Structure formats: C-alpha cells, structure tokens
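Hello,

I am passing this structure on to you, as promised. Please have a look at it first, and then read my notes below.

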Amino acid sequence: MNKELDKLLCANYPKIFARRQVKDSTMHFGFCCGDGWFNLIDGLCTSLQYLTDYRGTPQPEAVQVKEKFGRLRFYITCGEDEMTEAQSSVIDLARILSAHICEECGCPGRIAANGGWWTVRCPAHEPEGSLSPEEYVTAREAGR
Ligand SMILES: [Zn+2]
C-alpha cells in the first residue's frame, strides 16, 4: 500500500495501529496488500474502533495486515483480553468481502489463479491467462 494511504490509516486509527512504528512488530512492515483494499480496511477499522468506543469491546491493536491466498488477513491482539465474537465477525466479514474487491483499484473483482498465485482482480487488472477457482480445479484434474 502506498505511503499516503498508510499514513492516513495510522492517523485515523492511532490506537489500532499503535504498533506501526514499533521495530520488532510485524506491523512495522506496513500494510502488505494493494491500495484497492484501502476502503475495506478503513471500514473494518471504523467498525473495530466503534465496537471499542461504544460497545465495550477491548481495544484491538493490529499485529499484521496482509494478503494471503488472495484475501485480506487482519490479525489483532487485545493484550490481556480475549478477542470478542463481534470483533472476530467484522474481521471475517472484511476477509469475505476482500474476495470481491480488486486489490489494485478497489473495483469489483474476482479471485483468480495465475501461475499458482491467488489474487483478486477486476477485469482490467486481471493478468492474462488467469483462471477462476472452478477453471483452476478443472485444469488441475485434467492434468492428473
Ligand atoms: Zn482493478
């Protein structure tokens, strides 16, 4: 994610991204995903901070934010406290939504396989020769 969007998230959610500048934190690497997921992460953080400020959930701190197998992974810690069901649900929802949002530009996209890598891309950003999950499975089975 570019520096400006990174700074904006850290400025808007200083409690959630308290570890962003901590050298021995995995959060020190920044947001390991594309700019297209900015709004998704912004919405997720709004939800998490709302739960803490108005619903009494413990304050979460992000320990790692990255793309894995094409989807958004957002790992948090609540210190001494357990993550609540509500926090877990909004993080799950963001992961599910990420499979439909182009990681490059934020337009509607799909999960596609390309050379063994899973990504979410819109038609404009999908590399040539990408396969849908169904096409990927069919191609693999045909290759056996
Ligand atoms: Zn795109």
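**Thr-57 and its surroundings**

Thr-57 has 20 C-beta neighbours inside 10 Å, so Thr-57 counts as buried. The cut-offs used here are these: a residue is buried if 20 or more other C-beta atoms lie within 10 Å of its own, exposed if 12 or fewer, and partly exposed in between, with C-beta atoms placed from the backbone. Before going further, please note that this is a predicted model, in which local features need pLDDT of at least 70, side-chain atom pairs count only at pLDDT 80 or more, and totals for chains, interfaces and linings use all residues. Residues are numbered from 1 along each chain as its sequence is written.

Thr-57 is found in the loop between α2 and β2. Helices (H or I, at least four residues) and strands (E, at least two) are DSSP runs, numbered from the N terminus. Leaving aside residues up to four places away in sequence, Thr-57 touches Leu-51, Thr-52, Thr-84, Ala-86 and Gln-87; two residues are in contact if their C-beta atoms, placed from the backbone, lie within 7 Å. Between Thr-57 and Ala-86 the C-alpha to C-alpha distance is 8.2 Å, although they are 29 residues apart in sequence.

**The chain as a whole**

The protein chain has four helices and five strands, and along the sequence they follow the pattern α-β-α-β-β-α-β-β-α. Its C-alpha atoms fill a box of roughly 50 × 30 × 30 Å, taken along the principal axes. Of the 144 residues, 26% are buried. Among contacts with a separation of 6 or more, 52% come from residues 24 or more positions apart.

Two strands pair if DSSP finds at least two bridges between them. β1 and β2 (residues 61-68) pair in the parallel sense over two bridges, and Phe-31 stands opposite Val-65 in β2.

The loop between β2 and β3 holds Phe-69. Phi of Phe-69 is near 50°, a positive value in a residue other than glycine. With 10 C-beta neighbours inside 10 Å, Phe-69 counts as exposed.

**Helix α3**

Helix α3 (residues 85-98) has 14 residues, which at 1.5 Å a residue should span 20 Å; its end C-alpha atoms are 20 Å apart, in agreement. The expected span is 1.5 Å times one less than the number of residues in the helix.

Which residues of α3 are buried? They are Gln-87, Ile-91, Ala-94 and Ser-98. These cover an arc of only 55° around the axis, which puts them on the same side of α3; the arc is that of the directions from the helix axis to the C-beta atoms. An α-helix has 3.6 residues a turn, so residues three or four places apart point the same way. The cover over the buried residues of α3 includes α2 (38-55), β3 and β5 (117-121). On the face turned away from the buried side, α3 carries the exposed residues Glu-85, Ser-88, Ser-89, Asp-92 and Ile-96.

β4 and β5 pair in the antiparallel sense over five bridges, with Ile-111 opposite Val-120 in β5. Their hairpin has two residues between the strands, and Gly-115 takes a positive phi near 55° there.

Ala-113 lies in β4 (residues 110-114). It has 19 C-beta neighbours inside 10 Å and therefore counts as partly exposed. Not counting residues up to four places away in sequence, Ala-113 touches Trp-118, Ser-130, Leu-131, Pro-133 and Tyr-136. The C-alpha atoms of Ala-113 and Tyr-50, 63 residues apart along the chain, are separated by 36 Å.

**Two domains**

The domain assignment gives domain 1 (1-98) and domain 2 (101-144); such bounds come from an automatic or database domain assignment. Their C-alpha centres lie 25 Å apart. Eleven residues of domain 1 are in contact with ten residues of domain 2. On the side of domain 1 that touches domain 2, the elements giving two or more residues are α2 and α3. The residues of that side divide into five nonpolar, five polar and one charged, where Ala, Val, Leu, Ile, Met, Phe, Trp, Tyr, Cys and Pro count as nonpolar, Asp, Glu, Lys and Arg as charged, and the others, Gly among them, as polar.

Best wishes
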